[in-house]
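Here is a short briefing on one protein chain.

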Amino acid sequence: MLPLITDRYQLAAKLRLKHKCQVRKTLLVAKPEGISSTSLVDDETRQPPKMIGDYDDGANALWTLYGKEAKSYDNFRINTLKDDMDGVLIFAGLFSAALTAFINNSVQPNPAQETAYYMQQNVALLAQISEQISSIAPQFTIPSTPPAPYPTFKPSSSDIRVNALWFMSLIFSLSAALLAILVQQWVRDYMHVFERYSDALKRARLRQYLSEGSENWYMPVLAEAVPALLHISLFLFFIGLVCFVLNINTTVGVSTIIPIGISSSFYIFTIFAPVLYPQSPYQNSFSGLIWYVAQKLHGRSYQDRDHEGESKALSSSMAAGQMELAMEETKERKRRDERAILSLVNNMTEDAEMESLVMAIPGSFNTAWGRDVWKGTSGAIEQENMSSNDALMPNMNPRPPLPPSILTPQRVSTIRNWYGLVLRSVGVRRVNHSISVTRLSHPPPQLSLSDHPAFILQNEPMRELSRRVCHLFETCNYRGHFASNDVWRNRTRACVETVSLFVFCANVNLDWFGDITKTLSDIRNQ
């Protein structure tokens with residue numbers, strides 16, 4: 001009985017195996033196009049995802065993004081270095097050619113002077129023979145001794161000094177050209193990493209490996225030092241030129257020293273200017289070194305905005321230190337932000353550029369700092385200060401009478417109603433900071449200084465900006481001309497938010513936007 005059961009189990013196992021093979025063959029024959037046979041294998045026999053180093057395919061997006069950002073950053077640095085090295089090569093070539101023509105050969109005997117010496121000896125000998133022949137004496141003797149040899153050459157100390165300076169200048173110039181060629185070769189090899197491998201992880205790791213190596217071996221510092229060699233070469237040539245000209249003529253030497261002294265003084269000033277005045281645009285290859293030494297000996301500090309105003313030492317890197325000073329939270333930084341906004345407004349002269357500007361303005365009101373900057377830009381803070389001064393000293397600095405505010409209670413109520421309707425129709429968001437429509441019930445003071453003569457010139461950019469925002473707002477009346485409702489809605493929302501924030505956060509005069517109620521009414525009736 002047991003052997004029979006065993007045979008039945010074996011037969012059943014064979015039948016199951018045969019059936020499974022037939023099913024697999026059927027699936028392989030009838031598989032859809034584009035599906036490989038490996039996809040039909042059981043989950044137990046399926047291979048795990050392909051591994052790339054220590055990551056699977058899911059990490060490719062991260063390392064591809066790293067490679068893109070790293071390539072963009074490196075391209076900027078490399079292009080700057082290549083431009084600098086091209087300039088070094090051109091200047092070094094021209095300067096070396098000119099310097100070679102100036103090099104004084106007085107450290108060796110001059111063949112022309114030696115030939116002139118012997119010719120003078122021959123002339124003297126011929127003159128003596130002529131005198132003897134013309135005499136009455138029946139016999140005369142011709143000296144058999146040859147002329148005295150040319151004196152032993154001995155260069156002067158000034159000639160040695162001039163030639164030493166000029167030869168050193170030539171060596172520095174050629175060394176700068178050689179290093180410029182090497183730097184161009186190094187950066188070319190460095191950038192090949194992005195073309196050498198197609199795998200994102202390999203590119204990222206090799207780039208980081210080489211980048212850290214270049215930083216640890218101070219390659220950027222070496223590249224910045226190449227122009228310094230040319231500067232040293234040029235000043236060595238100047239010193240040698242002064243010594244050479246002074247030996248010839250004092251007047252010519254003094255006339256040469258004056259322009260050289262002026263140029264040298266300005267160059268020395270550019271070395272220390274960024275250390276003393278970090279905003280100074282004048283700097284040269286030695287400024288970074290002086291900044292580093294100054295910070296190590298007597299470091300300047302700044303208020304760190306990320307650590308609750310804690311005083312911290314500036315970075316020993318000049319570029320990083322300038323960034324820290326630019327980000328320091330001071331009144332001057334707020335004024336710089338105001339001037340930057342005014343510069344942006346003045347530079348955007350085309351109507352096509354206004355939409356992007358209007359889209360970006362509401363987000364700048366998200367913080368108290370941004371609102372204060374816009375107030376300063378529109379002159380509101382200065383207006384408040386002037387109002388307080390007038391209240392304290394009413395008899396001093398009399399001003400012309402101010403016009404009454406255009407924001408009468410009736411007009412404020414009308415505008416509030418229309419704003420509410422338009423806001424609901426275009427779906428304007430209510431951000432936490434922004435002055436919502438309900439704030440319209442609290443109109444600004446009845447008196448405004450925006451038309452005061454002292455602020456007409458200052459507020460001219462804001463007047464122009466308000467006029468152009470109004471013009472862009474009026475285009476929203478032509479809803480059918482937009483490509484889609486979303487485009488119309490986005491522009492209308494941006495215009496409504498911008499006008500609201502300008503009027504109720506930056507204290508911009510509503511009259512600068514024209515007849516805003518008519519514009520809002522036309523938009524609402526569409």
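Gly-376 is buried, because its relative accessible area of 6% falls under the 20% cut-off. The model is predicted.

**Gly-376 and its surroundings**
- Helix H13, residues 368-378, contains Gly-376.
- Arg-335 is 41 residues away from Gly-376 along the chain.

**The largest pocket**
- The largest pocket holds about 1300 Å³ of space.
- Its lining is made up of 33 residues. Closest to the pocket centre are Pro-220, Val-221, Ala-223, Glu-224 and Ala-319.
- H7 gives the most, with 11 residues.
- By class, the lining has 20 nonpolar residues, nine polar and four charged.

**The nonpolar surface patch**
- Four residues form a nonpolar patch on the surface: Ile-268, Phe-272, Leu-276 and Tyr-277.
- Together they have about 430 Å² of accessible area.
- Ile-268 belongs to helix H8, which covers residues 250-276.
- Is Ile-268 buried, partly exposed or exposed? Ile-268 is partly exposed, because its relative accessible area of 46% lies between the 20% and 50% cut-offs.

How values were computed. Residues are numbered from 1 along each chain as its sequence is written. This is a predicted model: local features need pLDDT of at least 70, side-chain atom pairs count only at pLDDT 80 or more; totals for chains, interfaces and linings use all residues. Side-chain values use heavy atoms; hydrogens and water are left out. On a 1 Å grid over the protein atoms alone, a cavity is a set of points where a 1.4 Å probe fits but cannot get out, and a pocket is an open set with protein on both sides within 12 Å along at least five of seven lines; lining residues have an atom within 4 Å of a point. Grid points are joined across faces, edges and corners, and a volume is the space filled by probe spheres set on the points. Helices (H or I, at least four residues) and strands (E, at least two) are DSSP runs, numbered from the N terminus. Ala, Val, Leu, Ile, Met, Phe, Trp, Tyr, Cys and Pro count as nonpolar, Asp, Glu, Lys and Arg as charged, and the others, Gly among them, as polar. Patches are made of residues with over 30% relative accessible area and no salt bridge: like charges are joined within 9 Å, nonpolar side chains (Val, Leu, Ile, Met, Phe, Trp, Tyr) within 5 Å. Accessible areas come from the Shrake-Rupley method with a 1.4 Å probe; for residues, only the protein chains shown count as cover. A salt bridge is a side-chain nitrogen of Lys or Arg within 4 Å of a carboxyl oxygen of Asp or Glu. Buried means under 20% relative accessible area, exposed over 50%, partly exposed in between (1.4 Å probe, protein chains only).
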